[in-house]
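User: Hi, I have a structure open and want to walk through it. Can you help me read it?
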Amino acid sequence: MLADLTAGAVEDAEARATSRPLAVVERAALEAPAARDAYAALAPSERVKIIAEVKRASPSRGDLASIPDPALQASLYEQGGASAISVLTEARRFKGSLADLVAVRNAVSVPVLRKDFIATPYQVFEARAAGADLVLLIVAALPQPVLTELHALTLQLGMTPLVETHSADEVSRATDIGARLVGVNARDLSTFELDRGLFGRLADRIPAGAIKIAESAVLHPDDVAHYRRAGADVVLVGEALVTGDPITTLRDFLAVPK
């Protein structure tokens, strides 16, 4: 599944490159306003922080919400206290787009993450050109030399790489490239099975000084509390926010005790 999603995302990027060549996207990326400081926004504090996700659908859950106005959705997240906004830009299975990212960037003041299956420099440049402050890099989808290259390019463009892991070996690979924002996804993107205990088993392997982010399997305040007890600085939440009242849900999540 992960290989198919990545191949599809790369194919779609190559199609976009026929009408918007790499040189054009590079120039737009370099001319874009400076990226916001995601490290500062997500830095550990006495309270958990939330990355709130604009997410219409997923391969595991199907359609979740139509979200006709992603800018409005993101504005509600900011009102509710989200420290950053994640925007799914993958079109085939998640029904997102770069246009969603642009709309969200123009609507909020907090950092914005491009969440997609990034595997080429072109995708990193177009993320910056669209206003992204963070880029998701999935360790399982990338050979180590490619991961190293894309991580370095993301930093070079002033953005923050969120390096996503699913195993001890992947945490080691993230550590080897100096990742300072490390996510642990409870959903195995090869099988789409969930393991909420995975974060707790891997958290101690993430180096001191790196921001620890728990991803997936978050529907209730108890889920946030579970991750917080396991050492999460930040929790990424999608489904619970698009299927309910985002402001109320966020405030309930953020009220989880230290």
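User: Let's begin with helix α4. Which strands does α4 lie across?
Analyst: Helix α4 (residues 70-80) lies across β1 (49-54) and β4 (84-88). It runs at about 165 degrees to β1. Here, axes are lines fitted to C-alpha atoms, for helices over the stretch in contact, and angles run from 0 to 180 degrees between N-to-C directions. Helices (H or I, at least four residues) and strands (E, at least two) are DSSP runs, numbered from the N terminus.

User: Where did this model come from, and how are residues numbered?
Analyst: This is a predicted model: local features need pLDDT of at least 70, side-chain atom pairs count only at pLDDT 80 or more, and totals for chains, interfaces and linings use all residues. Residues are numbered from 1 along each chain as its sequence is written, and side-chain values use heavy atoms, with hydrogens and water left out.

User: Back to β1. What about α12, which strands does that one lie across?
Analyst: Helix α12 (residues 246-254) lies across β1 and β10 (234-237). Its angle to β1 is about 155 degrees.

User: How many strands close into the barrel?
Analyst: There are 8 strands, in the order β1-β4-β5-β6-β7-β8-β9-β10. The pairing is parallel. Two strands pair if DSSP finds at least two bridges between them. From one strand to the next, the twist averages 25 degrees.

User: What holds paired strands together?
Analyst: Strands of a sheet pair through backbone hydrogen bonds, either parallel or antiparallel.

User: Zoom in on β7. How many bridges does β7 make with β6?
Analyst: Strand β6 (residues 134-138) and β7 pair in the parallel sense over 5 bridges. Leu137 stands opposite Val163 in β7.

User: And on the β8 side, how many bridges?
Analyst: Strand β7 (residues 160-165) and strand β8 (residues 181-185) have 3 bridges, again in the parallel sense. Val163 has Val182 as its bridge partner in β8.

User: Is β7 buried or exposed?
Analyst: Buried. That holds for 6 of the 6 residues of β7, so the strand is largely enclosed by the rest of the structure. Buried means under 20% relative accessible area, exposed over 50%, partly exposed in between (1.4 Å probe, protein chains only).

User: Which way do the β7 residues point?
Analyst: Thr160, Leu162 and Glu164 point one way, while Pro161, Val163 and Thr165 point the other way. In a regular strand the side chains alternate between the two faces of the sheet.

User: New topic: helix packing. At what angle do α2 and α6 pack?
Analyst: Helix α2 (residues 22-31) and helix α6 (residues 121-129) pack at about 40 degrees, with their axes 7 Å apart. They are therefore oblique to each other. Angles under 35 degrees count as roughly parallel, over 145 as roughly antiparallel, 65 to 115 as roughly perpendicular and the rest as oblique.

User: Which residues make that contact between α2 and α6?
Analyst: From α2, Leu22, Val25, Glu26, Ala28 and Ala29. From α6, Tyr122, Phe125, Glu126, Arg128 and Ala129. Contact means heavy atoms within 4.5 Å.

User: What about α1 and α6, at what angle do they cross?
Analyst: Roughly 70 degrees, and the axes of helix α1 (residues 2-19) and α6 come within 10 Å. That makes α1 roughly perpendicular to α6. In α1, Ala9, Val10, Ala13, Arg16 and Ala17 meet Tyr122, Gln123 and Glu126 in α6.

User: Last one. Where is Asp223, and is it buried or exposed?
Analyst: Asp223 is in helix α10 (residues 221-229). At 11% relative accessibility, Asp223 counts as buried. Leaving out residues up to four places away in sequence, Asp223 touches Arg196, Ala217 and Val218.
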